[in-house]
Structure formats: structure tokens, C-alpha cells
Amino acid sequence: MKVQNILATKGSKVHTVLPDLPIREATALMVQHNIGALVIVDAAGALVGILSERDIVRAVARNQDVGEPVSRLMTRTVIAGSLQDDLSAVMRTMTEKRFRHLPVVDHGQLVGMVSIGDLVKAQLAQYQGEIETLVTQITQGGSQP
Amino acid sequence: MTTQPGTAEHPLRVAIIGSGPAAFYAAEHLLKQPDLTVTVDMFDRLPTPFGLVRGGVAPDHQKIKTVTKAFDGIAANPRFRFFGNVEFGLHVTLDDLRQYYHQILYATGAQTDRRMGIPGEDLTGSHPATEFVAWYNGHPDYRGHVFDLSQERAAVVGVGNVAIDVARILCRTPEELLKTDIAEHAFEALRHSRIKEVYLLGRRGPVQAAFTNPEVKEVGEMAGADVLVRADEVQLDPLSEAALAASDDRTLRKKVEILQGYALRKPDGKDRRLHIRFLVSPVELISDAQGRVARMKLVRNVLVASDTGSLNAKATDQFEELEVGLVFRSVGYRGVALAGVPFHERWGVILNDKGRVLDPDSKQPLAGQYTAGWIKRGPSGVIGTNKPDSVETVMAMLEDLAKGQVLAPSQPEAAAAEALVRARQPLSVSYAEWKRLDELELQRGQTAGRPRLKFTSVPDMLSALGKTPVPTP
Ligand SMILES: Cc1cc2nc3c(=O)[nH]c(=O)nc-3n(C[C@H](O)[C@H](O)[C@H](O)COP(=O)(O)OP(=O)(O)OC[C@H]3O[C@@H](n4cnc5c(N)ncnc54)[C@H](O)[C@@H]3O)c2cc1C
Ligand SMILES: NC(=O)c1ccc[n+]([C@@H]2O[C@H](COP(=O)([O-])OP(=O)(O)OC[C@H]3O[C@@H](n4cnc5c(N)ncnc54)[C@H](OP(=O)(O)O)[C@@H]3O)[C@@H](O)[C@H]2O)c1
């Protein structure tokens, strides 16, 4: 399975903000939309960073001023995925490198974001599906003359 | 103030477009809701139900097809109706259905194929696997297709399970095919096939191959074909080796072992040979003087890691040519747009949020419209994968119902909807009628010593049911 299959059922909406948005407002947006991360883009729409719940926890712990721009807090070295990336590889990389949100870029454009939760859900559905197929074969096939 | 549908007096009326696995799993989940009365009308453009279970799943995989017995159980519910031979966009439209149903669910699968995007792709002798599959499975739209099986060498591009299906069917002996429900026209053609060499072409390595273990094992046990693998192509590169070690995936390791085992085999001298190749991509199909495929130019690939650790094929400057007279591209299926329904052209799906169809501009859900299966998430996953997928969509439907967000049909009565169908398509086929066709197919099969002999044309199906086209005045 590829990243594209997961994005198709997520509506491909990504919440993006500009680097100069105050941290306070960014946090409010995350609460309002019930999301774990925001993507930061520059005026030209290019990906410049990502702001996750984890960054905010860190900011709170060190008493950072929430009036500061998100650019002061965001992670700048963002790993981005592509539509054709394999689910298994992406899961492994996110687990190893400990990040939970992966922006997806296609032809230089941000087209969506997948979370580790989305990937786990998709993998679970895949396993469930395989088991379901086996079970119906056994139960239905068994009743054949 | 209107009453919320879902009671015995005012059932929730749902139209499901398509009758493949996604459609049936959705119907099942809707019909089993406690304290909610739902009536389901399922439409299919074909007179026969089950989508790719009938028209995709390989004829030599009869056991997989027994899932249809579970679908029979769902269809036996008195609140379920089937309208076969009724096409959305032709006989009924979205505007029609809005007048009769509270919710509409699109489960139309992936009706066409992805392209390779290389020169020569459309030469005579180059076909999408989708068409070959539909042809050997007796899909009425493809019964007239011709594949030149007088050729001795064929290539199948892609190493997914569909590619394996196609390669295996090309390699089967007439005796093996007789035990299947392969369409009669395909049996006749394949019986006289002169194919000797079949090449299955993977652009990446064995660790990245999409096919699954039972399918790879099966090709090693064919009566009339040896399987050949090049040792150097299944020797893992360091990146694949590392990925395999890190994944701790035993099934994947087993797959590599099976393929490496094939590389050690000595051919038994069987009539046909299936070559499984890795790390090669077709770059061009080259024609003979008559404009037919004669050769395929391949480039050798190496694997490079993307930022996320996905290993992708990167072309080198080494090329080779493969002499082939028949090419099947099996690089994935693709959804087609439905009239009046938003569609994501590039991805070939109906863009959705957990099954709720989205307005392409506002990205907000469109009330009362839903999607499930391959048209929802893309052409990936086995039959059972559609079950959790359809359940997710039905959960969204039930949530929206609870909020009163449904369509407002002017005639939410079962009889009114049936009258519409009768007016638009007098030759619609009910589930009881399908069961008669099914019975006839099984009987014809018994006479011929086969599991089933399919009807492969719509007029044949209709006349077997005693339905004759109404003469146009
Ligand atoms: C060649 C092949 C072999 C496979 N083999 C296996 C296997 O061995 N085991 C396994 O578990 N899985 C197998 N699969 C996968 C499995 O078939 C799919 O996961 C599943 O069928 C997808 O279900 P669906 O309901 O989304 O689509 P489909 O099964 O494609 O059903 C879609 C239905 O919608 C109908 N339709 C389309 N357009 C319209 C319209 N406009 N109006 C009305 N009706 C319409 C079609 O006629 C069709 O009946 C195979 C797939 C393929 C392609
Ligand atoms: N027996 C069964 O259980 C069975 C049988 C049939 C189908 N199915 C299921 O149905 C689904 C669809 O099967 P599928 O085989 O159509 O799709 P698939 O599993 O996605 O395989 C597609 C194959 O095409 C390759 N490919 C894509 N683009 C290519 C290109 N431009 N050049 C060369 N190769 C290219 C892919 O390689 P990359 O990986 O490099 O992209 C992959 O090997 C799958 O989930 C499958 O498991 C199951």
C-alpha cells in the first residue's frame, strides 16, 4: 500500500500557517481543528517547517513566550513524503526517527499530511482484510458439498 | 418539522451504486444496525453482481469466489433489493436518486487501468491487463477482444498479484484450465496458444515486489511451465537487506527465500517458461514493419532511498532488449468519474473524508453522498480489506443521520423507486433472476464437466431469463 491510498480518504486538507503567526494562535488553531500538527509554509507556499504538539509541550516546559512567532519553535528539517512511498517504509522511518506527522509533497506542492495514527489504522485494516478473506474462505468453502 | 428516517414507517432509504465487495459489506453493516430500519437498493451496470469477484479474481482461484455465498446471505434480507443491468449515469442519474433516497453510496471500483507512459504503449499487441482479465473472466464488455496468442513471447509489466494472475493464466495447460470457470471463448483461444516464454517484469527488487507469498509459491507448481529467476536479481542490495532486517517481517523474508529458491532450480523442460525479472523498467515498445510490438527496450534500475526510507527505482545507463510479441501492462487499476459526482482526476478516486464525498473546492462533505472500496481509496487491497473500509463509511453515514444531515427525497417509497427503474430500464435484473442465471451457469458447467460455464453477453443473459428487449416504437 502507498501513501496515496491513505490520503484519498483524508480529504487531503492540510492546515498551513505562515512563519510569523504567533505560537498562541497556532495552538488555538490546533485545538479548533483537533489536529496534532501544523505545516508552516512561506508566502510562496513552500514548506519551511512543521509545528507539532511535542514542540508545544517543549515550549510550555521552558516557559516560552507564546507571543513569539511559530518560526521560533517549529522544526525546520522536515522529512516530507511522496504519494508513491511504501506504507511499510514510512512507518519504519517514523518510528525510528520518532516523528508523528509526515507532510506529503507531489510535484513540489504540499498535497496532504499523514499521521502515524493514519498509518497504523491503514495497516490494521490491511491485516483485518486479509484475515477476513481467509475466514470467509474457510467458513463458506467448508459448507461446499 | 420532518421525522428522521430510520423507523419501520419511515425507513432510511439507501442507494448503493455497484455490487462488488465494498457494496455488499456496506449493505451488510447498514442492515444489521439495531433500532434502525434501513432499506437498501443496490444497482449494477451488469446483470450479474459481485464486481471483481466475478470479473477479476482468477478462474483458477475458485475457492476465493466462495465469498459470494456470504453476499447471498446479505441479499436474502427482505430489506435488500438488487437492480442489475442498471447503470448510474445512463439509466439513473444523481438528480433522479436524490428524489428517492436519503443517502447514496458509490462503490463502483476501478473500471480502467493506469498507463506506463512510454512510447509504443499503444502498438498492436500491447494491452492493459485489465482487459485481458475481464476477457478471460467473461465480462460482457470484453468478450469480443482479441489477443494474439500465436505469439511465442509475452511480457507482463508489474509484479503485483494481478500481474501474477495474468502470467499464470498464460502458462496454464488446457487440462488445468478445464477445472476452472474461465470463459469459453478464452478457453478456446488459450487452448491453441503458442506462448512459450512469459516475462514478469518488476521495476524494483524482490523485497519491494507487491505480489504475496501464496501466489509466488503457486507459480512454482504449474503443470506446464517452469519458473526461472536470475540469481543476481534476487541477491539483495544493501538497502533492501537493511530494510528487511529492520522490518523483522517473516512473511517478507519468506518471499525472498522462495524467489532465491527459484533461482537455484534447474528447469524441468516443461513446454512453457515463466521468467520473473527484477530491477528492470520498460522504456519503449518497438514495432515491426506492420506496426506490431516486436521488442521491448528495458533499462536496468538501482534502488535509492527516499527521505522516508522508501526504496525507489532509479534508471541506470544500461539497457537491454527483449523480444516480445505480446505485452500486458499490469501497473494498477484506475477509477473512472461518475456523472455529476466530484472526482480527483490525478488520483483516480472520489476524494473523501472517511467515506464522505467532498466538494472539490470547499473540501467540505456533500450531504447524503458517500463512497467505499476501490473508488474511495484507490485500487489496493484484497476482498476482505473492503470490509473495514465500508464499515468506516457506514459509521459516517450513521453519524450524519443522527445529526439529521441526509437528503430530502420527495418520494422516499420503495415502490416509487422501483417504478423509476422500470421506466428507465425495463430489462433490469433482480436478485432472484440473478440466482436463476447462477443456477443455469452451474448446470451448464456440470454438463461440460466444469465448475461453471458463464454467460458472457447481456442479450444471452436476458434471453435465458425470458426477457426480451422492448421494441422501440
Ligand atoms: C484481477 C484481479 C484479481 C483479484 N483477485 C483477488 C483475489 O484472488 N483475492 C482477493 O481477496 N482479492 C482479489 N482482488 C481484489 C478484489 O477484487 C478487490 O479488492 C475488490 O473487488 C474491490 O471491491 P469494490 O467493491 O471496490 O469494486 P469492484 O469489485 O470492482 O465492484 C465495482 C462494481 O461497480 C459496478 N459499476 C461500476 N460503474 C458503475 C455504474 N456507473 N453504475 C452501476 N454500477 C457500476 C461494476 O460493474 C462492479 O460490479 C483482485 C482484483 C483484481 C483486479
Ligand atoms: N490473489 C490475490 O489475493 C489477489 C489477486 C489479484 C489482485 N489482488 C489485489 O488487488 C490489488 C491490486 O493488484 P495489482 O496487481 O493491480 O496492483 P499492485 O499490487 O499495486 O501492483 C502493481 C505493480 O505494478 C508496478 N508498477 C506500477 N507502476 C509501474 C511502472 N510505471 N512501471 C513498472 N511497474 C510499475 C508496481 O511496482 P511498484 O511497487 O514499484 O510501484 C507493482 O509491482 C492488490 O492489493 C492485490 O493484492 C489480490
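Author: Chain B is assigned two domains: domain 1 covers 12–111 + 335–464, and domain 2 covers 114–331. Such bounds come from an automatic or database domain assignment. The model is predicted, so local features need pLDDT of at least 70, side-chain atom pairs count only at pLDDT 80 or more, and totals for chains, interfaces and linings use all residues. Residues are numbered from 1 along each chain as its sequence is written, chains are lettered from A and ligands numbered from 1 in the order in which they are written, and side-chain values use heavy atoms, with hydrogens and water left out.

Now the place where the two domains of chain B meet. Their centres, taken over C-alpha atoms, are 32 Å apart. Domain 1 of chain B gives 25 residues to the contact, and domain 2 of chain B gives 25 residues. Contact here means heavy atoms within 4.5 Å.

How much area do domain 1 of chain B and domain 2 of chain B bury between them? About 1,900 Å², with 48% of it on carbon and sulfur atoms. Buried area is the accessible area (1.4 Å probe) that two parts lose on being put together, summed over both. On the side of domain 1 of chain B, the most area is lost by Pro59(B), Arg450(B) and Thr456(B), together 33% of what that side buries.

Next, the charged pairs. Four salt bridges are counted between domain 1 of chain B and domain 2 of chain B. A salt bridge is a side-chain nitrogen of Lys or Arg within 4 Å of a carboxyl oxygen of Asp or Glu. Asp60(B) and Arg168(B) form a salt bridge, and their closest N and O atoms are 2.7 Å apart.

Polar contacts are counted too. Between domain 1 of chain B and domain 2 of chain B, 15 residue pairs are in polar contact, both residues at pLDDT 80 or more. A polar contact is a pair of N or O atoms within 3.5 Å; within protein, one must be able to donate a hydrogen and the other to accept it, and residues adjacent in sequence count only if both atoms are side-chain atoms.

Which helices supply the side of domain 1 of chain B that touches domain 2 of chain B? Helix H2 (52–55) and helix H17 (458–464) of chain B each supply at least two residues. Helices are DSSP runs (H or I, at least four residues), numbered from the N terminus. H17(B) gives the largest share of that side, three residues.
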